[in-house]
Amino acid sequence: MYSTIFKLTLATCLLLTQPYFIHANTYRFLAECQASGYLTGTSTTNCNTENNSECCKANQKYPQYRCSPQVTSNTKAKMTLNSFAEGGDGGGPSECDEQYHADTEKVVALSTGWYNGGSRCLKNIRIKGNGRSVLAKVVDECDSVHGCDAEHSYQPPCGNNVVDASQAVWDALGYSGDQVGDAQITWSDA
């Protein structure tokens with residue numbers, strides 16, 4: 001009996017202190033990025049709907065994320081359209097350089113986890129989509145925690161897997177018409 005208890009105790013200790021002993025699928029499940037909370041939306045008439053941006057709705061719950069999926073050489077993401085120009089749907093100046101950027105510049109904002117406190121600021125990432133590839137400069141955070149306020153143009157928090165890209169990025173990848181605004185892409189650090 002003591003032998004069985006000892007073995008179970010040892011196995012538990014190994015699983016808690018040596019995570020590489022955990023089965024790969026179990027580890028992936030534990031490492032997934034989960035919502036850290038929910039933001040309750042408010043209603044406003046001040047939402048900037050440029051580029052078909054979503055506006056917060058009163059009493060709707062929006063997930064908040066402080067994490068993003070792990071970055072790899074082929075990170076899957078949802079690319080959305082954003083204007084980084086003054087008066088655009090991106091809100092205020094870009095976080096990285098406190099500047100506005102013309103829609104003709106190849107710039108992006110990354111979800112909070114990927115933005116990683118600004119560690120990717122002003123660095124290029126490689127985006128692949130539509131059979132093409134482009135380099136784009138990270139200039140902002142696509143805030144996955146905060147939203148539904150003036151600072152965020154009354155838009156909900158970003159998802160945890162968003163690359164919010166300027167029109168120039170969409171153009172360089174050859175997207176046009178109804179294809180622009182929401183596409184599945186991959187990206188990596190350049």
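Start by selecting Asp189 and Arg120, whose side chains meet in a salt bridge at 2.6 Å, N to O. A salt bridge here is a side-chain nitrogen of Lys or Arg within 4 Å of a carboxyl oxygen of Asp or Glu. This pair links distant parts of the chain: Asp189 is in strand β8, Arg120 is in the loop between α3 (112–115) and β5 (124–129), and the two are 69 residues apart. Helices (H or I, at least four residues) and strands (E, at least two) are DSSP runs, numbered from the N terminus.

The model is predicted: local features need pLDDT of at least 70 and side-chain atom pairs count only at pLDDT 80 or more, while totals for chains, interfaces and linings use all residues. Residues are numbered from 1 along each chain as its sequence is written, and side-chain values use heavy atoms, with hydrogens and water left out.

Colour the two partners by accessibility. Asp189 is partly exposed, with a relative accessible area of 40%, whereas Arg120 counts as buried at 13%. Buried means under 20% relative accessible area, exposed over 50%, and partly exposed in between (1.4 Å probe, protein chains only).

**The other salt bridge**

The count comes to two salt bridges. For the other, select Asp182 and Lys78, where the closest N and O atoms are 3.9 Å apart. Asp182 belongs to strand β8 (residues 182–189) and Lys78 to strand β3 (residues 75–81), so that the pair spans 104 residues of the chain. Asp182 is partly exposed at 47% relative accessible area, and Lys78 is partly exposed at 29%. Side chains of opposite charge can pair when their charged atoms come close.

Ser83 counts as buried, at 2% relative accessibility. Show its side chain: a polar contact of 3.0 Å joins it to the side chain of Asp103. A polar contact is a pair of N or O atoms within 3.5 Å; within protein, one must be able to donate a hydrogen and the other to accept it, and residues adjacent in sequence count only if both atoms are side-chain atoms. A polar atom of the Ser83 side chain also lies 3.4 Å from the backbone nitrogen of Ala85. Leaving aside neighbours within four places in sequence, Ser83 is in contact (heavy atoms within 4.5 Å) with Glu50, Asn51, Gly88, Asp89, Gly90 and Asp103.

Ser83 is also among the residues lining the largest cavity, together with Asn82, Phe84, Ala85, Gly90, Gly91, Gly92, Pro93, Ser94, Gln99, Tyr100 and Asp140. A search of the whole structure finds one cavity of 30 Å³ or more, and the largest cavity has a volume of about 40 Å³. On a 1 Å grid over the protein atoms alone, a cavity is a set of points where a 1.4 Å probe fits but cannot get out, and a pocket is an open set with protein on both sides within 12 Å along at least five of seven lines; lining residues have an atom within 4 Å of a point. Grid points are joined across faces, edges and corners, and a volume is the space filled by probe spheres set on the points.

**The largest pocket**

Select Cys142, Gln155, Pro156, Cys158 and Asp164, which lie nearest the centre of the largest pocket among its 37 lining residues. The elements giving two or more residues to this lining are β2, β3, β6 (132–142) and β7 (162–165). The pocket has a volume of about 970 Å³.

**Ser68**

Move to Ser68, in the loop between β2 (61–64) and β3. Ser68 is buried, with a relative accessible area of 15%. Its side chain reaches the backbone oxygen of Asn160 at 2.8 Å, and a polar atom of that side chain lies 3.3 Å from the backbone nitrogen of Trp114.

**Gln167**

Gln167 is found in helix α4 (residues 167–172) and counts as partly exposed at 27% relative accessibility. Beyond its neighbours within four places in sequence, Gln167 is in contact with Leu81, Asn82, Asp103 and Val180.

**Two positive phi values**

Finish with two asparagines. Asn59, in the loop between β1 (37–40) and β2, has a positive phi near 65° and counts as exposed at 64% relative accessibility. Asn130, in the loop between β5 and β6, has a positive phi of about 60° although it is not a glycine.
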